Each structure stands twice: as C-alpha cells, then as structure tokens.
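Work through the exercises below with the sequence and the 3D view open. Try each task before reading its solution.

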Amino acid sequence: MLTDNLKVLLASTQSFAIKSQNFHWNVEGSNFPQYHAFFDTLYNDVNETIDPIAEYIRILGHYTPGSLSRYTELSIIQDQTKIPRAELMFAESLHDCEVMSKLAVAIFEEATNESQQGIANFMAELQDLYGKKAWFIRSVLKTERE
Ligand SMILES: [Fe+2]
C-alpha cells in the first residue's frame, strides 16, 4: 500500500539523516575538511526531504509516524552505533543511497499506478538525489582510474 511504503520511506529517511549527521561529526582522516563538509551536505539534503514525505502521508488521509521507536520498527536503513573509519562510512553511505533509491523507485511505480502524480514526481526527485550522492561517494572511494 502506498501509505505504508511512504511510512517506511519516512522512517528510513530519518534513520539515514541521523547516520549522516553522526558521520559528519565523527569522520576523521587526511581529507577531513572535505569529508566533514560532504556529510554535512548529505545530512541537510536528506533531512530536507523528511517533511514533504510526512505531509504526503497526511494528504493521503493517514497519520504520520513521529517517534523514534516507530522509526526503528519501520526503517530499512541499518542503524550504526559505532564510529567506522572514513572509507567504511562512505561505503556504508553508498549502500544506503542505493537502498533509498530503490525504495523511491518502488514508490514511484505505486504512486503512478494510483495516479498520485505529485508523489511520483517527488519520488523521481529522490531517485535523482540519491543517484547523485552515490556518484559523489563512488568518486571518493575510487582510488585509481582503470
Ligand atoms: Fe556541523
């Protein structure tokens, strides 16, 4: 159901935003200034999408989950309680961007089938956002040109 998937997207987005802020605060390495700035932008860009997702759930006539325990139940983004080294932070974020993008694509298809064009349009934007972040991260992780 479209609303159920939007709830999963909301919880996963909250979870990914928290993780990105954790990485922004705790990343270390010789490229610290760029890494710190990258995760700040990632956090802000992900965080900005939370409110519109929640409002679409309300527009569809459902209540929006708004508690940490509900987000933990619903999120498909793996929580990170440790402080991984920088390379692992990027690798994990790349995986998370791919998960978020896939979810956006699934909701896009569902929204299109239900003629919810505004939601479909927003999902297309999310696919672009996570695709672009994944490109940035892949470029950070790549050490040599083949
Ligand atoms: Fe900061």
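Contact here means that heavy atoms lie within 4.5 Å. The model is predicted.

**Exercise 1. A residue in helix α6**

Task: Find where L126 lies, decide whether L126 is buried or exposed, and list what L126 touches beyond four places in sequence.

Solution. 
- Step 1: L126 is placed in helix α6.
- Step 2: Buried means under 20% relative accessible area. L126 has 3% relative accessibility, so L126 counts as buried.
- Step 3: With residues up to four places away in sequence left out, L126 touches L9, T49 and A104.
- Step 4: From C-alpha to C-alpha, L126 and K102 are 9.9 Å apart in space, and they are 24 residues apart in sequence.

**Exercise 2. The nonpolar core**

Task: State which residues of the largest nonpolar core touch the most other members, and which element gives the most to this core.

Solution. 
- Step 1: The largest nonpolar core has 43 residues, and L6, L9 and M123 touch the most other members.
- Step 2: Two or more residues of this core come from each of α1 (2–26), α2 (32–47), α3 (50–59), α4 (68–74), α5 (86–113) and α6 (117–141).
- Step 3: With eleven residues, α5 gives the most to this core.
- Step 4: Take L6 as a case. Apart from its neighbours within four places in sequence, L6 is in contact with I53, Y56, I57, L60, I107, I119 and M123.

**Exercise 3. Aromatic pairs**

Task: Classify the ring pair of Y35 and F90, then the ring pair of F38 and F136.

Solution. 
- Step 1: The structure holds nine aromatic pairs.
- Step 2: The ring centres of Y35 and F90 are 4.9 Å apart and the planes are at 65 degrees, so this pair is edge-to-face; the cut-off for that class is over 60 degrees.
- Step 3: Because Y35 lies in helix α2 and F90 in helix α5, the pair ties together parts that are 55 residues apart in sequence. Both Y35 and F90 are buried.
- Step 4: For F38 and F136, the centres are 6.5 Å apart with 25 degrees between the planes, and the pair is stacked.
- Step 5: F38 is in helix α2 and F136 in helix α6, so this pair ties together parts that are 98 residues apart in sequence.
- Step 6: F38 is buried at 13% relative accessible area, whereas F136 counts as partly exposed at 39% relative accessibility.
- Step 7: Ring pairs join F23, Y35, F38, F39, F90, W135 and F136 into a cluster.

**Exercise 4. The largest pocket**

Task: Which residues line the largest pocket, and how do they divide by class?

Solution. 
- Step 1: The lining consists of Q14, S15, I18, L68, Y71, T72, S75, I77 and D79.
- Step 2: By class, four are nonpolar, four polar and one charged.
- Step 3: At least two lining residues come from each of α1 and α4.
- Step 4: The volume of the largest pocket is about 220 Å³.

Methods. Residues numbered from 1 in each chain as written. Predicted model: local features only at pLDDT ≥ 70, side-chain atom pairs only at ≥ 80, totals over all residues. Heavy atoms only, no water. Core = buried A, V, L, I, M, F, W, Y, C linked by side-chain atoms within 4.5 Å. Buried < 20%, exposed > 50% of the residue type's maximum accessible area, 1.4 Å probe, protein only. 1 Å grid on protein atoms, 1.4 Å probe; cavity = no way out; pocket = protein on both sides within 12 Å on 5 of 7 lines; lining within 4 Å. Points joined across faces, edges and corners; volume = space filled by probe spheres on them. Nonpolar A, V, L, I, M, F, W, Y, C, P; charged D, E, K, R; others polar. Phe/Tyr/Trp six-rings, centres within 6.5 Å; stacked < 30°, edge-to-face > 60°.
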